[in-house]
Amino acid sequence: NASGTWALRFRLVRGYGSDAMSIKGWLNEHPISTSAIGFSLLVAFLFWTAALSKALIGFPYLDAEYKFEDWVAQKGRAAAKDPRLYFLADDAPSHQLDQLWDDEIEASPALKLMKKSAWSRQVWAETLERLAGAGARVVAFDYMYKGVSDGDPAFRAALDKYAERVVVDSHIDDAYAANNPMPQIAGPHKDLIAETTDPRVGFINMFTDEDGVVRRMRFRITREDLTGKAEMKAMPDQKEYESFAARMARQAGEGDKIPPGREAHRIRYAYKGETLNEETKPQSLCNIFVPAIWEANFQNGEFFRGKIVLVGPEGNYTKDVGMSPFGTIAGPEFHLNALNAILTGEFLRETSMWVDILLIFGSGLVAWGLGRLVNHPVFRLALVPILCAGGFLLARMAYNYGTVVPLFSPMLT
C-alpha cells in the first residue's frame, strides 16, 4: 500500500510537471500572442489603477491619459458660441482711462468714479442700470462683494430693481466654522443680498481633475457633498446651491436646460483664451459710458437687447486665470463655457471603465493580428505610426460626435 501511494504521488507530480511544461512550451511557441496578452493586461492594470497610483505615489500615467484626451479636444470640433453671450472686460483701460479725453470723463458720472483708484459700488449700479436699461436679458457680475463699501445703497437698489435679470458671485470656502464639519458658502454682503440661496447668487468655484485642469462643470452642490463623507451626503433635506452659470441660465429663462443632479458634467469648450489675446480682446467696460462708442459700437444700447452680459475681470490684468484643456484661460471664460454648454447642450459623454478596458484589449487584438500577418520586423515597425494616426482619427471622430474615449492606453497597447 505504501509503495502504491508513493507511485500515485509520483504520477500526479509528473502530471503537473507535464502541464507546466506544456504551458511553457505554448508560450515559447506563440511569442506574439504572449506579448499581446501580457502587454494588454499590463496596460489595463495601469489604466484601472491610474487615479489611485496618482494619489498615492504621484505616478503620472493618468496625466498622460489626460494629455492625449486634451490633444484630441484641441484638434477636434469646438462648441458653437451662443450669440446671446457677451463679455465686458474690467481691464486696465477701464481703470486708467488714458485713452479718453478729459471732457468725456467729466461728462459721465460713472467714468469719474472709475477714474478713482478704488471703485465705489456706485460703478456697478451704473453698469447694471446702463445694460439692463438697454434691454439686456441678464447682467452677471463676476465679483465677490464682501464687506460694506461706498455706493452700497445705490447698488442694492439696482439689484432689487432688476432682481430677475442680475446674478452675482458666491464662493465655497475651505474654512470650517467651529463645531461645523461643512464648508462655508460666502456670498455678497448681507446689506446687498441677504441669502446665498437667493436666485441672484451663484457659486463660482471650479473643480479641477487630478492634474489641475478644468474639464467638467458642476451646476448644483450641497455643503454635505463637499465633506466627502458618505454619512453626510446621505443626510435628508440638504440645501442645494447653484453655480454662477446655472443662475445665469435660470435668470435667462433657460433653467430647464440645466443638467439634473449634482454630479460633474464634461463640456465641449467654446472659449479657449480669446480674452487673453490682444487680437480678440473684448470691449472694455468703460466703453459703455462713452457716448461716441455707445452709439457707434452698441447702437445706443440696442446691441445689448436680449443679451446675457457677463461683466468680469480681464485675466491678464487681474491674474484671474486657470488651466483648461486648451491652456490658460481667463476666469470669466470658464463661466462663459459652462453657460454656453447649458444653452447649446454641448456636453460630452465619457465611456465606462469596462468599455475602456475592452478598447485596450481590442487594440492588443489588432496588434496580435498584424503581428501574425506581417512577419518582417521593419514592416511591423512601419505600421506603428500608421496605427497611431488611425487611432487618433477615430478618437477625434468620436469626440466630434460627443464621446470622449481614451487614446493613450490603446495606442500604448
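Ala, Val, Leu, Ile, Met, Phe, Trp, Tyr, Cys and Pro count here as nonpolar, Asp, Glu, Lys and Arg as charged, and the others, Gly among them, as polar. The structure is a predicted model, in which local features need pLDDT of at least 70 and side-chain atom pairs count only at pLDDT 80 or more, while totals for chains, interfaces and linings use all residues. Residues are numbered from 1 along each chain as its sequence is written, and side-chain values use heavy atoms, with hydrogens and water left out.

The open spaces come first. On a 1 Å grid over the protein atoms alone, a pocket is an open set of points with protein on both sides within 12 Å along at least five of seven lines, a cavity is a set where a 1.4 Å probe fits but cannot get out, and lining residues have an atom within 4 Å of a point. Points are joined across faces, edges and corners, and a volume is the space filled by probe spheres set on them. Helices (H or I, at least four residues) and strands (E, at least two) are DSSP runs, numbered from the N terminus.

The largest pocket has a volume of about 880 Å³. Its lining consists of 30 residues, and Ser363, Val366, Ala367, Pro410 and Thr413 are those nearest the centre. Two or more lining residues come from each of helix 2 (31-48), helix 16 (353-373), helix 17 (377-400) and helix 18 (408-412). By class, this lining has 21 nonpolar, 8 polar and 1 charged residues.

The second largest pocket holds about 410 Å³ of space. Of its 20 lining residues, Phe47, Leu62, Tyr66, Arg216 and Glu350 lie nearest the centre. Helix 2, helix 3 (50-57), helix 4 (61-75) and helix 16 each give two or more residues to this lining, and the largest share, 5 residues, is that of helix 4. The lining of the second largest pocket divides into 10 nonpolar, 2 polar and 8 charged residues.

Helix 4 also takes part in a helix packing. Two packed helices are described by the angle between their axes and the distance between the axes. Axes are lines fitted to C-alpha atoms, for helices over the stretch in contact, and angles run from 0 to 180 degrees between N-to-C directions. Helix 4 and helix 17 pack at about 65°, with axes 9 Å apart. Helix 4 is therefore roughly perpendicular to helix 17, a term for angles of 65 to 115 degrees, whereas angles under 35 degrees count as roughly parallel. In this contact (heavy atoms within 4.5 Å), Trp71, Val72, Ala73 and Lys75 of helix 4 meet Phe392, Ala395, Arg396 and Tyr399 of helix 17.

A further pair is formed by helix 8 (residues 122-133) and helix 9 (residues 152-161), whose axes come within 7 Å and cross at roughly 30°. These two helices are therefore roughly parallel to each other. Gln122, Trp124, Ala125, Leu128 and Glu129 of helix 8 make the contact with Ala154, Phe155, Ala158, Leu159 and Lys161 of helix 9.

The structure holds 3 cavities of 30 Å³ or more. The largest cavity has a volume of about 80 Å³, and Asn205, Met206, Met217, Arg218 and Ser243 lie nearest its centre among 14 lining residues. The second largest cavity contains about 70 Å³ of space. Helix 4 gives the most to the lining of this second cavity, with 3 residues.

Key:
Parallel < 35°, antiparallel > 145°, perpendicular 65-115°, else oblique.
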